[in-house]
Amino acid sequence: MATAYAAPGAGANGSQAKSAMNNKTMFAPGFTINVNANKTTTGVGAGAGGEGGGSVETLLPDPDFSSPARVREYCNSLRAAAFSLSFQVAMGAEIMKGVLSAVPDPEGRPFGSRTRAGKVARKLQKSADALRDAAKNAAACYSAFQQEYEEEINRVRHRARRTQQPAVNWAEQ
């Protein structure tokens, strides 16, 4: 049996606490949270590039390869975009296969509609695989850049380091 909490100053029978529990008003914040908000970085709505998404120009930074950091940024952006797109295209292939499987086969062959749907969706699945490979190659591109230009990167990296301040020799007075 649950007992009601009687606040200090409440009556001996706890009538104030019981009435508060019977009221059943819960805490409700004075604001709402929109979970399905679209994030845009260019100030243009998410549907500006056509049905279902933004334009390709917003996925990648400008191809400015003037520093190792810019090469890394471009390769990482390409890898992330291709990886994300590969998931979306693979999902689209599965949805296409499911939708087209519902279309009856004109010749009435058993499993004919599923076979036809598989042939069509296979091309979209190959596109998803190619995007996944593009993501792998983008990561490999930066790795190859680091290996090929290791000497130049290290030369600049050493020059960019701050020179150490001479230590104070307290024994010398």
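These legends describe several close-up views of one predicted model.

Numbering starts from 1 along each chain as its sequence is written. Because this is a predicted model, local features need pLDDT of at least 70 and side-chain atom pairs count only at pLDDT 80 or more, while totals for chains, interfaces and linings use all residues; side-chain values use heavy atoms, with hydrogens and water left out.

**Figure 1. Overall fold of the protein.**
The protein has four helices and zero strands. Its pattern along the sequence reads α-α-α-α. Helices (H or I, at least four residues) and strands (E, at least two) are DSSP runs, numbered from the N terminus. Of the 173 residues, 13% are buried. Buried means under 20% relative accessible area, exposed means over 50%, and partly exposed lies in between (1.4 Å probe, protein chains only). Among contacts with a separation of 6 or more, 45% join residues 24 or more positions apart. A contact means heavy atoms within 4.5 Å. The protein exposes about 14600 Å², and carbon and sulfur atoms supply 55% of that area. Accessible areas come from the Shrake-Rupley method with a 1.4 Å probe; for residues, only the protein chains shown count as cover.

Lys97, Lys119, Arg122, Lys123 and Lys126 form a positive surface patch. Helix α3 (residues 112-148) gives the largest share, four residues. Lysine 119 is found in helix α3. Its relative accessibility is 54%, so lysine 119 counts as exposed. Patches are made of residues with over 30% relative accessible area and no salt bridge; like charges are joined within 9 Å, and nonpolar side chains (Val, Leu, Ile, Met, Phe, Trp, Tyr) within 5 Å. Lys and Arg count as positive and Asp and Glu as negative; His and the chain ends are not counted. The place of a charge is taken as NZ of Lys, CZ of Arg, CG of Asp or CD of Glu.

**Figure 2. A nonpolar patch on the surface.**
Met91, Ile95, Met96, Val99, Leu100, Val103 and Val120 make up this patch. Together they have about 580 Å² of accessible area. The largest share, five residues, comes from α2. Methionine 91 lies in helix α2 (residues 68-101). Methionine 91 counts as exposed, at 52% relative accessibility. Valine 120 sits in helix α3. Valine 120 is partly exposed, with 43% relative accessibility. From methionine 91 to leucine 124, the C-alpha to C-alpha distance is 9.6 Å, and the two are 33 residues apart in sequence.

Side chains of opposite charge can pair when their charged atoms come close. Asp105, Glu107, Arg109 and Arg116 are linked in a network of salt bridges. A salt bridge is a side-chain nitrogen of Lys or Arg within 4 Å of a carboxyl oxygen of Asp or Glu. Aspartate 105 lies in the loop between α2 and α3 and arginine 116 in helix α3, so the pair ties together parts that are 11 residues apart in sequence. Aspartate 105 is buried, at 10% relative accessible area. Arginine 116 is partly exposed, at 35%. Arginine 109 and glutamate 107 also meet in a salt bridge (3.8 Å, N to O). Arginine 109 is partly exposed, at 44% relative accessibility, whereas glutamate 107 is exposed, at 63%.

**Figure 3. The salt bridge between arginine 70 and aspartate 64.**
The whole structure holds six salt bridges. In this one, the closest N and O atoms of arginine 70 and aspartate 64 are 3.5 Å apart. Arginine 70 is partly exposed, with a relative accessible area of 40%. Aspartate 64 is also partly exposed, at 31% relative accessibility.

**Figure 4. Phenylalanine 111 and glycine 112.**
Most residues other than glycine have a negative phi. Phenylalanine 111 has a positive phi, near 60°. Phenylalanine 111 belongs to the loop between α2 and α3. At 58% relative accessibility, phenylalanine 111 is exposed. Glycine 112 is in helix α3. Glycine 112 is buried, at 4% relative accessibility. The C-alpha atoms of glycine 112 and serine 101 are separated by 8.6 Å, and the two residues are 11 apart along the chain.
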